[in-house]
Amino acid sequence: DPTPDPTPAPVTCECTGTSNEYTCTDGLTSHCSDKEQCVGAGEKGKWSQFCKIQCHVVAYTHSPLLYQCIDGTLWTCDYFQAAWWKGERDDCMETSHTNLHR
């Protein structure tokens, strides 16, 4: 039996720390969108692994707390965290300006 060719390693990308830029092992250099921040590294094509949307607390007086993400979405969360990456908390729900309570 012939030995099958080994599966090539996936192309990975890493943030450079300059102007939201990332470079990939296949030579691609690009940038995350202006509503995202380049953080860390990940597999090419799986942009959300390293192009992330940051959210910040905007209201401490609510229960639950109110956060706004750089993409304009609003979220209510059960516990305080000054800033976080969208999609990485399970205690938050998207909300609107007119509906701040769950």
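The model is a predicted one, so local features need pLDDT of at least 70 and side-chain atom pairs count only at pLDDT 80 or more, while totals for chains, interfaces and linings use all residues. Residues are numbered from 1 along each chain as its sequence is written, and side-chain values use heavy atoms, with hydrogens and water left out.

Start with the sheet. Five strands line up in the order S10-S7-S8-S9-S11 to give an open, antiparallel sheet; strands here are DSSP runs of E with at least two residues, numbered from the N terminus, and two of them pair if DSSP finds at least two bridges between them. Strands S10 (83-85) and S11 (92-95) sit at the edges with a single partner strand each, so one side of each has no neighbour in the sheet. From one strand to the next, the twist averages 35° (axes are lines fitted to C-alpha atoms, with angles from 0 to 180 degrees between N-to-C directions). S7 (residues 54-59) pairs with S10 over three bridges, and Cys55 stands opposite Trp84 in S10.

The loop between S10 and S11 holds Asp91. Asp91 is buried at 8% relative accessible area (buried means under 20%, exposed over 50% and partly exposed in between, with a 1.4 Å probe and protein chains only). Its side chain reaches the backbone nitrogen of Asp78 at 3.0 Å, and a polar atom of the Asp91 side chain lies 3.2 Å from the backbone nitrogen of Tyr79.

Then there is the nonpolar packing, where a core is a set of buried Ala, Val, Leu, Ile, Met, Phe, Trp, Tyr and Cys residues joined through side-chain atoms within 4.5 Å. The largest core has ten residues, among them Ile53, Leu65, Trp75 and Trp84. S8 gives the largest share of this core, three residues. A second, separate core has eight residues, including Cys24, Cys32, Cys38 and Cys51.

As for disulfides (cysteine sulfur atoms within 2.5 Å), the count comes to five. The S-S torsion of Cys13 and Cys24 is about 95°, so that disulfide is right-handed. Cys13 lies in S1 (residues 12-15) and Cys24 in S2 (residues 21-24), so the pair ties together parts eleven residues apart in sequence. The link of Cys32 and Cys51, with -80° about the S-S bond, is left-handed. Cys77 and Cys92 are joined at an S to S distance of 2.1 Å; Cys77 counts as buried at 0% relative accessibility.

Key
Helix = DSSP H or I, 4+ residues; strand = E, 2+ residues; numbered from the N terminus. Polar contact = N/O pair within 3.5 Å; in protein donor to acceptor, adjacent residues only side chain to side chain.
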